[in-house]
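Please read them beside the coordinates.

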Amino acid sequence: MSTATPLVDPTKFTTIAHGTHRYLSPLSEAKADSLIHRLALAPGQRVLDVGCGNAGFLLDLLAVVQARGVGVDTNPEFIAAATAAARERGLSERAEFVNARLQDTIYSAERFDAVICMGSSQAVGSLADAFAWAWTVLAPGGVALFADGYWKRPPEPKYLEALGATEDEMTTHGGNAARAREAGFRVLSTLTSNDDEWDEYEGRYCAAMERYIDAHPDDADAAAMAARVRDWHEAYLHWGRDTLGFGFYALLKPTAIRLSSD
Ligand SMILES: C[S@@+](CC[C@H](N)C(=O)[O-])C[C@H]1O[C@@H](n2cnc3c(N)ncnc32)[C@H](O)[C@@H]1O
């Protein structure tokens with residue numbers, strides 16, 4: 001999804017707006033910890049984080065499990081932040097970060113024990129495309145953690161206009177889980193972001209941008225960024241809070257692939 005409001009530099013905007021987030025998703029530390037434990041990874045296993053952002057989640061995972069992680073993201077600022085955070089947390093030996101497009105990074109022969117794709121399915125295509133792709137890079141018995149948007153209720157046309165989206169870009173929470181099953185995964189468990197997590201995520205996004213604009217009135221992009229963040233926050237309060245959900249899907253690629261479903 002993209003916003004309908006014009007913008008000078010999307011990478012600059014998203015980097016500033018996400019400047020104070022631990023995760024670039026509506027997710028509390030307590031829920032992140034629960035998701036990490038649901039994956040039940042073993043020491044030495046290899047984890048690929050697609051569109052890792054600042055790698056807050058991947059680094060939290062590596063702090064709990066002695067696994068090895070590769071995070072890929074196109075945003076150089078996020079990768080720099082992830083690299084610095086790994087160093088500060090003493091996790092650099094087990095964390096590798098690649099500043100590139102996913103499609104230029106991972107080769108078809110590579111296999112991982114886990115794939116994380118939180119809010120980053122666009123790195124592959126649609127959510128269904130991302131499920132199909134994750135299947136190809138996971139070893140049998142591997143796990144995936146996906147997180148993606150869903151409609152809590154049918155979106156109003158004016159909300160779609162504000163998002164610059166169409167209704168068919170997303171389905172329901174149950175629809176997302178069904179697509180994972182259609183791709184061949186066993187759905188282990190699911191979660192959703194609650195209102196507090198959304199308010200925290202959207203509040204940090206809005207506050208970081210408003211503070212930046214306040215401190216940099218001469219920035220050539222200030223007016224465009226102000227228009228965008230205000231339109232975005234109004235759309236969140238008016239429609240998004242009741243309409244847009246964010247679901248988490250812990251998935252298992254079956255160890256033995258059978259021809260008929262069991
Ligand atoms: C919504 S953020 C989620 C970040 C992170 N997964 C999290 O939840 O904290 C989506 C991320 O995907 C990255 N991204 C988008 N397209 C990509 C691509 N083709 N290859 C790698 N990363 C991509 C963006 O730069 C952004 O950091």
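1. The model is predicted, with local features requiring pLDDT of at least 70 and side-chain atom pairs pLDDT 80 or more, while totals for chains, interfaces and linings use all residues. Residues are numbered from 1 along each chain as its sequence is written, and side-chain values use heavy atoms, without hydrogens or water.

2. Helix 1 (residues 10-17) and helix 9 (residues 222-243) have axes that come within 11 Å and cross at roughly 60°. Helix 1 is therefore oblique to helix 9. Axes are lines fitted to C-alpha atoms over the stretch in contact, with angles from 0 to 180 degrees between N-to-C directions.

3. Helix 8 (residues 195-215) packs on helix 9 at about 160°, the axes being 10 Å apart. The two, helix 8 and helix 9, are therefore roughly antiparallel; angles over 145 degrees count as such, under 35 as roughly parallel, 65 to 115 as roughly perpendicular and the rest as oblique. Helix 8 passes helix 9 in a left-handed crossing.

4. The ligand is surrounded by 20 residues, and the closest are Leu24, Ser25, Gly51, Asp73 and Met118.

5. A backbone N or O atom of Met118 is 2.8 Å from a ligand nitrogen atom. A polar side-chain atom of Gln103 lies 3.3 Å from a nitrogen atom of the ligand. The cut-off for such N or O pairs is 3.5 Å.

Definitions and conventions
A residue is near a molecule or strand if one of its heavy atoms lies within 4 Å of it. A polar contact is a pair of N or O atoms within 3.5 Å; within protein, one must be able to donate a hydrogen and the other to accept it, and residues adjacent in sequence count only if both atoms are side-chain atoms. Helices (H or I, at least four residues) and strands (E, at least two) are DSSP runs, numbered from the N terminus. A crossing is left-handed if the near helix is turned anticlockwise from the far one by less than a right angle, and right-handed if clockwise.
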